[in-house]
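Hi,

Here is the structure we talked about. Please have a look, and my notes follow below.

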Amino acid sequence: MNGNYRIETKCIQSGWNPKCGEPRVLPIYQSTTFKYEDSDQMGKLFDLEAEGYFYTRLQNPTNDAVAAKITDLEGGAAGMLTSSGQAANYYAVFNICEAGDHIVCSNSIYGGTFNLFGTTLKKQGIECTFVNPDSPYEELAEAFRPNTKAVFAETISNPAIVILDIEKFAKLAHDHGVPLIVDNTFATPINCRPIEWGADIVTHSTTKYMDGHAMAVGGAIVDSGRFDWMAHAEKFPGLTTPDESYHGIVYAEKFGKGAYITKATAQLMRDLGSIPSPMNAFLLNVGLETLHLRTQRHCENAQKVAEFLSGHERVAWVNYAGLADNPYHALAEKYMPGGTCGVMAFGIKGGRDAAVRFMDHLKLAAIVTHVADARTCILHPASHTHRQMTEEQLAEAGISPDLIRFSVGIENAEDIIEDLRQALLA
Ligand SMILES: *Cc1c(COP(=O)(O)O)cnc(C)c1O
């Protein structure tokens, strides 16, 4: 809505702007279909000549209001919701890549995204080179090929908690004429807005902090509107040459800053259909209204927990960028001065077996696949989310066999620490 409001106000106010007499709270438009007076009106919608709703697989007012809020929070030009974070990352890449293309991707990313890019995209003819995000610029530049179409990374990686040097990655992408896509799930726009640091496209698994209550799987894509597709027209024919499935429109010419999202909606949503239900978008919006409050508490609690763990004799190491001696502390201070997130990684003495024993003794912290919601939870990637990876791949992704991913919730910090203390002694 109003770009001048501060981010806390946007969490509450953006997206849904009721007119006189309309519901104050975002309504759930639980309707697949929308009615028109004459055939010509409907025809224009199908030709992308007019704006409006006709079928929820393409667009729905509830979903759009929530997408508009997330777009506003990220400072983007256009955005869309998807049914999951996986769909968001898939669409974000597939919208500008096709068989024969290549992407460069940080190797410190979510396991699901690693499989998507490393295995599934490969079957569709899109190759991915995984790089160590901490490598110097010159080394990273060697990963590029003439057919490279995008660079992908996570602001705070799940689960290794590596903080991305966003400016380095933006320069790397732009020097090679391609956009930087950043998955900002863990930082959330409250703590980091990658577009301000040069990212072109931001994705989210809204399933995590944005929803915040582990109620609905969802995703979002936000486009900054800043990448000049026409300046690199030969690389991105999908945006810069006529789309025969829409009577030859050229997205980059017709939709300007909205080109990328319009194409992803009009083509990918139309053909692949990873749309969220309006009910889920409604729940996501409820979560977004308290995102700024929760994020702050997650960070406060996580800082206390990290300090407790790093001082405990049975803990071998703690990776949390809020700790002054953490290798990513300086990057975190630069890109996320208000805090990083509630998720940390640590290892306890005794390795893999000790990790499993320790986890089984926790009472408050639950073992769940999920992370980044109101309830404190814990996971052992080597035996859960990343169990498909070989030991070598795990090592490359910075995931040691003893790595425990701990997601600090918004309970009382002392209760969380008490639980850890008793399990460490057990
Ligand atoms: C969970 C997660 C995803 C996948 O999102 P889903 O909503 O589970 O499909 C992608 N990226 C990151 C960083 C995640 O944490």
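A polar side-chain atom of K208 sits 2.6 Å from an oxygen atom of the ligand. That is a polar contact, meaning a pair of N or O atoms within 3.5 Å. T207 also places a polar side-chain atom 2.6 Å from a ligand oxygen. For S205, the value is 2.8 Å. The protein covers 93% of the 370 Å² of accessible area that the ligand has on its own (Shrake-Rupley method, 1.4 Å probe).

Two housekeeping points. This is a predicted model, where local features need pLDDT of at least 70, side-chain atom pairs count only at pLDDT 80 or more, and totals for chains, interfaces and linings use all residues. Residues are numbered from 1 along each chain as its sequence is written, and side-chain values use heavy atoms, with hydrogens and water left out.

Now the shell. There are 16 residues around the ligand (a heavy atom within 4 Å), and N158, D183, S205, T207 and K208 come nearest. The shell divides into three nonpolar, 10 polar and three charged residues (Asp, Glu, Lys and Arg are charged; Ala, Val, Leu, Ile, Met, Phe, Trp, Tyr, Cys and Pro are nonpolar; the others, Gly among them, are polar). Helix α4 (residues 85-94) gives the most, with three residues. Helices here are DSSP runs of H or I, at least four residues, numbered from the N terminus.

What does α4 meet in α11? Y90, Y91, A92, V93 and F94 in α4 meet Y260, L268, M269 and L272 in α11 (contact: heavy atoms within 4.5 Å). The residues of this contact are nine nonpolar, no polar and no charged.

Best wishes

Notes: A polar contact is a pair of N or O atoms within 3.5 Å; within protein, one must be able to donate a hydrogen and the other to accept it, and residues adjacent in sequence count only if both atoms are side-chain atoms. Helices (H or I, at least four residues) and strands (E, at least two) are DSSP runs, numbered from the N terminus.
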